[in-house]
Amino acid sequence: MLISKFSKYLFWSYRKNADLPEEIVIQRVLAFGEIADLIFLNDLVPGSKIEEVLKNWKEKEKYKRRINFYNKVINQA
C-alpha cells in the first residue's frame, strides 16, 4: 500500500513513495494517525481487512483508546 497520501510523520523512516504491506499501514495509522488519516484509511481499506489486522495485532491493547475511537466515531460514519 502506498503511503504518500497519509501524514508524513507516520512513515518518517520510510521513503516517501514506499509500498508497504497493508498490515503495517493500518497499524501505524490506527496508532498514530490524525483524524484525516483515519477517515482516509476507512475509505481506502475494507472494514473486514481492518478487523483482521486488529485481531492479529499483538500490541493492540496499548492503543485500545485509539482503536475504540476509530470503531465508535470513524468506522460508524
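**Close-up 1. Lys49 and Glu52 share helix α3.** These two sit three residues apart, which is about one turn of the helix. In this predicted model, their side chains meet in a salt bridge, at 3.8 Å from N to O. Lys49 is buried, at 16% relative accessible area, while Glu52 is partly exposed, at 42%.

**Close-up 2. Lys49 also pairs up with Glu22.** Here the side chains form a salt bridge with an N to O distance of 4.0 Å. Glu22 belongs to helix α1 (residues 22–32) and Lys49 to helix α3 (residues 47–56), so this pair ties together parts that lie 27 residues apart in sequence. With 29% relative accessibility, Glu22 counts as partly exposed.

Close-up 3. For context, a search of the whole structure turns up four salt bridges.

**Close-up 4. Lys64 and Glu61 make a salt bridge.** Their side chains meet at 3.5 Å, N to O. Glu61 has 55% relative accessibility and counts as exposed.

Close-up 5. Helices α2 (35–44) and α4 (64–74) each supply at least two of the patch residues. Take Ile35, which lies in helix α2: at 48% relative accessibility, Ile35 is partly exposed.

Definitions and conventions. Residues are numbered from 1 along each chain as its sequence is written. This is a predicted model: local features need pLDDT of at least 70, side-chain atom pairs count only at pLDDT 80 or more; totals for chains, interfaces and linings use all residues. Side-chain values use heavy atoms; hydrogens and water are left out. Helices (H or I, at least four residues) and strands (E, at least two) are DSSP runs, numbered from the N terminus. Buried means under 20% relative accessible area, exposed over 50%, partly exposed in between (1.4 Å probe, protein chains only).
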